[in-house]
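Here's a quick briefing to read alongside the structure. Have a look at it first, then come back for the walk-through.

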Amino acid sequence: MKKFKRGDPKVPSLFIQVLMDIAQKIQELAKAHLTDASHFVVDVVISKHKPHKVSVFLDGDSGITIDHCSNLSRALSEDLDKLDLIKDNYMLEVGTPGLDQPLKLKRQFVKNIGRGLKVVRKDKSIWQGKLTAANNETVTLEVEEKAKGKKVEIKSVEIPYSEIEKAIVIVSFK
């Protein structure tokens, strides 16, 4: 077996690939335990540092309760212990993505229609407005643009998912 030296570029990429494979397996296990078709797994993140922190993020078309999270946490914990996917000690957290987390799935865009959204495109342009539609290919924002003088016009901007680098829901306390 080849020994790697510290700083060898092959070590981190191999380690990260193993973590990604484990995260994918955990995501499959989590999906199998979801009993409500309106619930979905958004992401699974495993920290690189020991003890590993395994974070499973859930969402639902009509929201998620703490009971849903705790039930999945118990089921996943049993699976992880039984399958011994993570050899070292780990900490499992199951919850919803925070308000500051970018939207990752098309389903999340649909869920947030009617809310404010800030979209950073891959060309680094930024669009901010009300999310009015989301389909399989694009999202549509209603944005305000200043016209001549002080008049403000509302226009629709369609953005393909393939051009979105990051999209965050804007929380309004109005």
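Is methionine 91 buried, partly exposed or exposed? With a relative accessible area of 45%, methionine 91 comes out as partly exposed. Keep in mind that this is a predicted model.

- Three strands make up an open sheet, running in the order E1-E2-E3 with mixed pairing.
- Strand E1 (39-46) and strand E3 (90-95) are the edges, each pairing on one side only.
- Ignoring direction, neighbouring strands here are turned by 15 degrees against each other on average.
- Strand E2 (residues 52-60) pairs with E3 in the parallel sense, over six bridges.
- Within that pairing, look for phenylalanine 57, which sits opposite glycine 95 in E3.

**Methionine 91, on strand E3**
- Methionine 91 belongs to strand E3.
- Setting aside neighbours within four places in sequence, methionine 91 is in contact with His52, Lys53 and Val54.
- Methionine 91 and histidine 52 are 39 residues apart in sequence, yet their C-alpha atoms are 6.3 Å apart in space.

**Aspartate 43, on strand E1**
- Over in strand E1 you'll find aspartate 43.
- Aspartate 43 has 19% relative accessibility and the cut-off for buried is under 20%, so it counts as buried.
- Its side chain makes a polar contact with the side chain of lysine 104, at 2.7 Å.
- Not counting residues up to four places away in sequence, aspartate 43 touches Ser55, Val56, Phe57 and Lys104.

**Helix H2**
- The length of H2 checks out: at 1.5 Å a residue, its 18 residues should span 26 Å, and the end C-alpha atoms are 25 Å apart, which agrees.
- Which residues of H2 are buried? They are Cys69, Leu72, Ala75, Leu76, Asp79 and Leu80.
- Just after H2, aspartate 84 takes a positive phi of about 55 degrees.

How values were computed. Residues are numbered from 1 along each chain as its sequence is written. This is a predicted model: local features need pLDDT of at least 70, side-chain atom pairs count only at pLDDT 80 or more; totals for chains, interfaces and linings use all residues. Side-chain values use heavy atoms; hydrogens and water are left out. Two strands pair if DSSP finds at least two bridges between them. Helices (H or I, at least four residues) and strands (E, at least two) are DSSP runs, numbered from the N terminus. Axes are lines fitted to C-alpha atoms, for helices over the stretch in contact, and angles run from 0 to 180 degrees between N-to-C directions. Buried means under 20% relative accessible area, exposed over 50%, partly exposed in between (1.4 Å probe, protein chains only). A polar contact is a pair of N or O atoms within 3.5 Å; within protein, one must be able to donate a hydrogen and the other to accept it, and residues adjacent in sequence count only if both atoms are side-chain atoms. Contact means heavy atoms within 4.5 Å. The expected span of a helix is 1.5 Å times one less than its number of residues.
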